[in-house]
Amino acid sequence: MLHSNGQKQIQISAQQEKIYKDADARETLIVYDGTPSGAFLLSQIDDALKQITYKRLMVKPTVLVMVSVTDPMEIQLVLDRVKEIKSVFLESVNWITAHIACCMYTESKVFLEDVCNGAELIPEYNDVISSCSIPTYQKELERVLKEKCLQMIANSLSISKCMVPDDADDLGRLAIDQLCLGRGGSLSALVTVLDKRDDFMLIRPLCDVSKKEISIYNHLCGIDEHCIPIAQTKIETKSVQSLTDSFIRTLENEKFYSTINTVLSTASKIHNTNSSKEGSRCLLCFVETADTLCKTCLAIQRACTGDKIGRFVR
Amino acid sequence: MSNTIPVTIDFSGGAEFLVKAKAQKVQIPAKSTLRDVLKFVRDNLVTDVHRINMLLSDDASEVAHGVITLINDTDTGLLSEYDTVIEAGDTITFVSTLHGG
């Protein structure tokens with residue numbers, strides 16, 4: 001039942017939001033980040049493409065393996081595992097492996113197969129991240145640069161749609177983080193299925209599925225073998241993100257399991273009524289704002305030493 | 001009458017890297033509860049003691065946050081949670097939700 005629910009979720013997301021109404025724009029970047037949610041998304045897309053008649057998902061996928069580890073040994077481990085996973089899911093489609101440091105590219109690139117694209121920019125990327133002195137803004141900068149990286153790669157491949165494996169647990173935490181960071185007016189776009197950003201569209205088909213549902217499904221269907229388990233990066237102890245995480249954990253330990261659902265359903269109804277009429281967006285995080293940078297990104301810029309952020313906003 | 005029962009303890013979703021093997025057939029004392037199994041896992045199966053907190057709480061009375069426990073593929077939240085009595089032939093599964101690369 002979970003299996004058909006997962007597929008239905010992706011179909012419904014695609015149909016209700018009319019994402020694929022234009023028959024010429026079915027190319028979609030499917031992001032795989034090695035997490036259980038990433039493996040689940042791949043398996044669902046793989047299954048949906050094998051269906052016949054009206055159940056078939058009409059997309060032309062390109063799988064983007066998003067690497068965030070910086071150790072060369074671990075990157076090689078990821079590349080080796082990707083070769084194995086590729087033979088199980090979506091074998092006939094293009095697979096591209098790229099490091100999150102691809103966000104540092106300033107112009108379109110040709111992405112090669114079977115190598116970790118952008119790995120040469122890891123020192124430069126680390127330099128930007130470490131220039132931020134406040135842990136909360138550092139974590140937020142990582143998130144924003146990850147999205148910038150997706151947009152950069154999508155533009156280089158001339159693909160306008162990108163499916164990410166963000167699940168309900170990730171997005172619930174993100175909603176609270178963004179409220180704390182002052183992006184409350186853009187909550188709806190940040191946590192719902194569709195996030196349209198000019199010529200780029202982020203799709204979150206798993207936004208209603210919890211990590212627990214995904215993990216149990218993966219275990220029962222043997223998909224957990226197709227994850228790339230890497231120890232979770234330690235969140236800085238004094239940051240808004242770590243406080244949000246412990247807040248949710250405490251509530252869940254006290255059996256308030258519906259906290260995430262409540263947060264997400266409320267967040268999906270919050271829209272900015274004062275958004276700029278011209279539809280102008282922050283050059284760093286792409287939320288609607290009348291200025292070049294939104295207030296949160298300005299604060300991030302001020303927290304960074306040197307002009308490390310300037311390169312992204314020119 | 002034997003005082004132990006045979007069970008299978010299975011680890012997945014990344015939890016298998018913290019123990020000897022992914023699936024292990026072991027003997028545990030009869031009438032053990034899930035809480036007793038957690039202590040058994042800590043004392044007998046965990047090999048990566050430095051990262052044991054990714055699987056169990058400090059005193060091994062509960063699993064770490066983000067680890068799901070299943071008995072015969074049923075979420076223990078639907079049973080009696082940590083007080084569920086384990087029976088001979090049961091399969092106890094620990095599913096971790098580790099982050100990816």
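This is a predicted model: local features need pLDDT of at least 70, side-chain atom pairs count only at pLDDT 80 or more; totals for chains, interfaces and linings use all residues.

Biologist: Why is strand β3 (residues 67-71) of chain B called largely enclosed?

Modeller: A residue counts as buried if 20 or more other C-beta atoms lie within 10 Å of its own. Five of the five residues of β3(B) are buried, so the strand is largely enclosed by the rest of the structure. B:Val67, B:Thr69 and B:Ile71 point one way, while B:Ile68 and B:Leu70 point the other way.

Biologist: How do you know that β3(B) and strand β4 (residues 74-75) of chain B pair?

Modeller: Pairing needs at least two bridges between the strands. β3(B) and β4(B) have two, in the antiparallel sense, and therefore they count as a pair. B:Ile71 stands opposite B:Thr74 there. Two residues lie between these strands in the hairpin, and B:Asn72 has a positive phi near 50 degrees.

Biologist: What makes β3(B) and strand β5 (residues 91-96) of chain B a pair?

Modeller: They share five bridges, again antiparallel, against a requirement of at least two. B:Thr69 stands opposite B:Phe94 in β5(B).

Biologist: Which residues touch the most other members of the largest nonpolar core?

Modeller: A:Ile30, A:Val31 and A:Leu64, in a core of 109 residues. Helix α5 (residues 135-156) of chain A gives the most to this core, with nine residues.

Biologist: How many residues does each chain bring to the contact between chains A and B?

Modeller: Chain B brings 15 residues and chain A 26 residues. The chain B side has four nonpolar, nine polar and two charged residues.

Methods: Residues are numbered from 1 along each chain as its sequence is written. Chains are lettered from A and ligands numbered from 1 in the order in which they are written. Two residues are in contact if their C-beta atoms, placed from the backbone, lie within 7 Å. Ala, Val, Leu, Ile, Met, Phe, Trp, Tyr, Cys and Pro count as nonpolar, Asp, Glu, Lys and Arg as charged, and the others, Gly among them, as polar. A residue is buried if 20 or more other C-beta atoms lie within 10 Å of its own, exposed if 12 or fewer, and partly exposed in between; C-beta atoms are placed from the backbone. Helices (H or I, at least four residues) and strands (E, at least two) are DSSP runs, numbered from the N terminus. A nonpolar core is a set of buried Ala, Val, Leu, Ile, Met, Phe, Trp, Tyr and Cys residues joined through C-beta atoms within 7 Å.
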